[in-house]
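Please have the sequence and the model at hand while reading.

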Number of protein chains: 2
Amino acid sequence: MAIIARYHVEAQTGVGFRLQQGQFLTIIDPQGEQVADLVAFGAVNTTEWLSSGRSIDYSETIYLTTGHVLYSNRSSPMFTIVEDTVGKHDFLFAACSPESFWILDGIQGYHPSCFENLEKSLGPFGITGDRLPTPFNLFMNASVLPSGQIKIAPPLSQPGSIVRLRAEMDLVVGVSACSTEACNNGTCKPIDVEISGETS
Amino acid sequence: MAIIARYHVEAQTGVGFRLQQGQFLTIIDPQGEQVADLVAFGAVNTTEWLSSGRSIDYSETIYLTTGHVLYSNRSSPMFTIVEDTVGKHDFLFAACSPESFWILDGIQGYHPSCFENLEKSLGPFGITGDRLPTPFNLFMNASVLPSGQIKIAPPLSQPGSIVRLRAEMDLVVGVSACSTEACNNGTCKPIDVEISGETS
């Protein structure tokens, strides 16, 4: 198995790319305590999208980790998680956006956001912002209390922590280095993305 | 305030309708222990849709109840919950579908589903199945354990339990009487839907 591509995603930016069925996508937190937002669409038909609702439903847990399958809205497997050195990720929250910084933090001026990063990264693939689903927020440390309240704590990821996913169909993928300081223990940091697989 | 419309949604069926800003939508569980799946789209621009990810994010809880706002993917308020006699609803799970009955229960033959009910009900409004987001599952009694595992128990709704929502924009709405026996204490039952507001 060879490395096919490796992207260094600078803090508060994103990347979009194609992934072939059977290839592996490794999301690496190079410095630790950094969240990465992941969305995906069918490459053949981009109206098929990674669905938090289906993935949570079929796994019967909000903490998807090694062995779990991430499903599309059409209930097709999109990814299988084959390695996870952290084990706690969030699939509840929408990507941070200009509006979320205003609603949650009262920030009126410009602030980088995962929504903008993903919209820019996926635009060349014909995917508009209105079609971005709830992302799989890797390394995000969100806990649900018995009351239902959600608490965000610093990510449990250490420098070099990874999640590796196998693509179960041909995909268009977007990854954003999360742009909300509060989710990343105060500082937004980069994310590394590696694609690997067989080369013919 | 007058009743504008009232729909009796038979067990394992759905309904689609328009709702004007300021009107009230009351979802009634006439027999008790019955879930109702709710999705919504902007009437002016149906590419705007009710977002579980934004609603959970801004409310900071998975249990949305009286006083909480349900937001669109564009972070616009779509509904405010103005009355809730139950207080526990689910916003995590996708609508049950032919595929979900196969994946979760091994059912290969036809089974009615909320996905089919919503797709049929919203087709006349130009909304296709691929655009159905994770619904707000009223009265669904899903609990998240500290491990992240989700447990479904019979709904806490009694005969006549209601949730009343105020529309914060003009909407196209779909409601399905949940078609999964296991979520409804073994029997799928009807749901009543009432629209009320000022008449000129």
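The sections below treat the basis of the report, the interface, the salt bridges and the cysteines.

## Basis of the report

This is a predicted model, in which local features need pLDDT of at least 70 and side-chain atom pairs count only at pLDDT 80 or more, while totals for chains, interfaces and linings use all residues. Residues are numbered from 1 along each chain as its sequence is written, chains are lettered from A and ligands numbered from 1 in the order in which they are written, and side-chain values use heavy atoms, with hydrogens and water left out.

## The interface of chain B and chain A

On chain B, 36 residues are in contact with 36 residues of chain A; contact means heavy atoms within 4.5 Å. Together the two chains bury about 3,000 Å², and 56% of this area is on carbon and sulfur atoms. Buried area is the accessible area (1.4 Å probe) that two parts lose on being put together, summed over both.

Two salt bridges are found across the interface, a salt bridge being a side-chain nitrogen of Lys or Arg within 4 Å of a carboxyl oxygen of Asp or Glu. B:Asp130 and A:Arg74 form a salt bridge whose closest N and O atoms are 2.5 Å apart. Between chain B and chain A there are also 19 residue pairs in polar contact, both residues being at pLDDT 80 or more. A polar contact is a pair of N or O atoms within 3.5 Å; within protein, one must be able to donate a hydrogen and the other to accept it, and residues adjacent in sequence count only if both atoms are side-chain atoms.

On the side of chain B that touches chain A, the elements giving two or more residues are helix H1 (52-59) and helix H2 (98-105) of chain B. H1(B) gives the most, with six residues. Helices (H or I, at least four residues) and strands (E, at least two) are DSSP runs, numbered from the N terminus.

## Salt bridges within the chains

Over all chains, the count comes to 12 salt bridges. In chain A, the side chains of A:Arg6 and A:Glu194 meet in one of them, at 2.5 Å from N to O. Because A:Arg6 lies in strand E1 (residues 2-9) and A:Glu194 in strand E12 (residues 191-197) of chain A, the pair ties together parts that are 188 residues apart in sequence. A:Arg6 is partly exposed at 47% relative accessibility, whereas A:Glu194 is buried at 11%; buried means under 20% relative accessible area, exposed over 50%, and partly exposed in between (1.4 Å probe, protein chains only).

In chain B, B:Arg6 forms a salt bridge with B:Glu194, with the closest N and O atoms 2.5 Å apart. Another salt bridge joins B:Arg164 and B:Glu83, where the closest N and O atoms are 2.5 Å apart. B:Arg164 belongs to strand E10 (residues 161-167) and B:Glu83 to strand E6 (residues 77-84) of chain B, so this pair ties together parts 81 residues apart in sequence.

## Cysteines

How many disulfides does the structure hold over all chains? The count is zero, where a disulfide is a pair of cysteine sulfur atoms within 2.5 Å. The sulfur of A:Cys183 is 4.7 Å from the closest cysteine sulfur, in A:Cys178, which is too far for a bond.

B:Cys178 is likewise in no disulfide, and the nearest cysteine sulfur, that of B:Cys114, is 4.2 Å away. B:Cys178 counts as buried at 3% relative accessibility.
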